[in-house]
Amino acid sequence: MEGRIHFHSIIKSIRGRVIFYSDSDRLLFVNILRRFLDKHNIVLVEFVIMDNHIHLLHTAQSKEHSMLFLGELQQNFSFWYNRFHSSHDKFFIPAKTFVKFTQEYRHNCSLYILQNPMVASPKDYPHPKRYRWSSYIFHYDFEDSAPMLVKSEFEMTKANKLFDLINHSKSISYNKCPLLRSGFEWRNNKLTDFLNVETGEIDSLYTKSEFKVIVQKNIISKHQEFSTERTERVAAYLEKHKHALAPISQALDVILSGRNYATLSLKEKESVIKDLFKYTNATQKQIVMLLDEDKNHIKEIYQKYMYK
């Protein structure tokens, strides 16, 4: 990739709000990402699609090419997402982009991107291979990585609704994209079937077994320590404020009615949190600690509840 510049871009949602609620939402982003990678001659090196932000390590001929690519990517995703969900929202703050001049910087950046699911939810994703929406599988195409892009019948129905919407649009450019005509083919495919990721620089440094070791050393062990520290900090807060939290905890038990909060959908969790605000007058920090939730997510729900 001589003559090209490496950029690490972070695309964040406004106020940390959740954007990707489902696989069909992520499928839409993958579709549009591929289109604009091709259009602007951008080479994707590493990526991860989280609930409320995206990391892209990519190469471009110049900063101007990179910024144009990011702008069109965000604009088009917002357009089609709003069409699909019948909404009129704005989603993203301007993307932050950092130049990675040296191989060491790019190496650290790759590991940083792959670690994101583990930082966000170490219980659900104790290893990067467990998260289906990142470039981890592109490194040596690990056989034990989850292959399914869409698992449930419900998500297949939503995905096909999306494909129908775009295929019947007057936008000829999107009709030319083969991914939009292959809804039923997504079920048994991997991301490697639809995106090209240039992992050569990292893969040239390690064999397959060495890469697993480097991931274990630099990601898993590090964030197991992080997770332990966070758990201890939450436990200390709960112990210190147990008397103030007792009524909130009791209300939570009533609202859940025997359900396990960790297994609820995002919409069900939002409903539980709104009820806690409504019936207990709990502070945002109390709910963050009690439910072990992201503070930005709790803040967004609180603002929805207060200003509805």
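The model is predicted, so local features need pLDDT of at least 70 and side-chain atom pairs count only at pLDDT 80 or more, while totals for chains, interfaces and linings use all residues. Residues are numbered from 1 along each chain as its sequence is written, and side-chain values use heavy atoms, with hydrogens and water left out.

**Aromatic rings**
- The structure holds 12 aromatic pairs, counted when rings of Phe, Tyr or Trp (its six-membered ring) have centres within 6.5 Å.
- Phe-77 belongs to helix 2 (residues 63–85) and Phe-92 to the loop between helix 2 and strand 4 (96–99), so the pair ties together parts 15 residues apart in sequence.
- Helices (H or I, at least four residues) and strands (E, at least two) are DSSP runs, numbered from the N terminus.
- Phe-77 and Phe-92 are both buried (under 20% relative accessible area, with a 1.4 Å probe and protein chains only; exposed is over 50%, partly exposed in between).
- Ring pairs join Phe-20, Phe-29, Phe-77, Tyr-81, Phe-91 and Phe-92 into a cluster.

**A charge over a ring**
- Arg-35 places its charged end over the ring of Phe-36, 5.1 Å from the centre (the cut-offs are NZ of Lys or CZ of Arg within 6 Å of the ring centre and within 35 degrees of the ring normal).

**Asparagines with positive phi**
- Asn-41, in the loop between helix 1 (23–39) and strand 2 (43–49), has a phi near 55° and is partly exposed at 41% relative accessible area.
- Asn-281, in the loop between helix 9 (266–280) and helix 10 (284–291), has a phi of about 55° and is exposed at 69%.

Key: Phe/Tyr/Trp six-rings, centres within 6.5 Å; stacked < 30°, edge-to-face > 60°.
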